[in-house]
Amino acid sequence: MGSKFLKGLKNLIEEASNSNNGKPVILLSHSLGGLFVLQLLNRNPPSWRKKFIKHFIALSAPWGGAIDEMYTFASGNTLGVPLVDPLLVRDEQRSSESNLWLLPNPKVFGPQKPIVITPNKTYSAHDMVDFLKDIGFPEGVYPYETRIVPLIGNIQAPQVPITCIMGTGVGTLETLFYGKGDFDERPEISYGDGDGTVNLVSLLVFQSLWKEEKNQYLKVVKIDGVRILQYLKMRLH
């Protein structure tokens, strides 16, 4: 997934470094971009990372996915745009493989947490194949199992300094209730902590995954009560 993009990004990093007397670069990502950068780092040897990367700054990176993506796949997500029928955009959203990458990671959300609840079945992050079939999107099963699962199954520390900047304290989709079991209907929603899109457990997962990594510098910056993009706009103005 994204191999062409990652190759281009690697070339850009090397060119930027070489044009600045060999100085290592600082990478800045937002949201899904953080997952791409992590893939780039882990696909290249430590010697390359040490030579070319000084620091990696990740804004609102969904390291473990987001429950919001299950809502997108099930019922369509207008992202707050008024007068748009979510069912009209659902097929287009399902066609984007990057959205599959953002589904909740079973290792992060665990098998016990109910995410989507219907009268006949409850789905956790471990039930993603059944979920994709039951919402009427069986076409998503093959790419999820063959391409996404290997990506999310092994989150290695890249051993470059990382600063994670995130919003917290913003209501973030936590559980979906489909009272009639019809995914074309709008569900009832309960909210938890996060940045408004990405759940807090996903934003902070590296603190637990990498706490024993001796060569991994990790700093976390929490900004309470704001979405990161809104915060940056305010700061820039």
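The structure is a predicted model, in which local features need pLDDT of at least 70 and side-chain atom pairs count only at pLDDT 80 or more, while totals for chains, interfaces and linings use all residues. Residues are numbered from 1 along each chain as its sequence is written, and side-chain values use heavy atoms, with hydrogens and water left out.

Helices (H or I, at least four residues) and strands (E, at least two residues) are DSSP runs that are numbered from the N terminus. Strand E2 covers residues 53–59, and five of its seven residues are buried, where buried means under 20% relative accessible area, exposed means over 50%, and partly exposed lies in between (1.4 Å probe, protein chains only). Two strands pair if DSSP finds at least two bridges between them. Strand E1 (residues 25–30) runs parallel to E2 and is joined to E2 by six bridges, with Ser29 standing opposite Ala58 of E2. Strand E5 (residues 162–168) also runs parallel to E2, through four bridges, and here Phe56 stands opposite Ile162 of E5. In a regular strand the side chains alternate between the two faces of the sheet.

## Salt bridges

Side chains of opposite charge can pair when their charged atoms come close. A salt bridge is counted when a side-chain nitrogen of Lys or Arg lies within 4 Å of a carboxyl oxygen of Asp or Glu, and a search of the whole structure finds five of them. The table lists some of these pairs.

| Asp184 | Arg90 | 2.9 Å |

In the salt bridge between Asp184 and Arg90, Asp184 lies in the loop between strands E6 (172–177) and E7 (188–192) and Arg90 in helix H5 (residues 86–94), so the pair ties together parts that are 94 residues apart in sequence. Asp184 counts as partly exposed at 38% relative accessibility, whereas Arg90 counts as buried at 12%.

Glu97 is partly exposed, with a relative accessible area of 24%, and Arg147 counts as partly exposed at 35% relative accessibility.

Finally, Lys121, Asp130 and Asp134 are linked in a network of salt bridges. Asp134 counts as partly exposed at 38% relative accessibility, and Lys121 is partly exposed with a relative accessible area of 29%.
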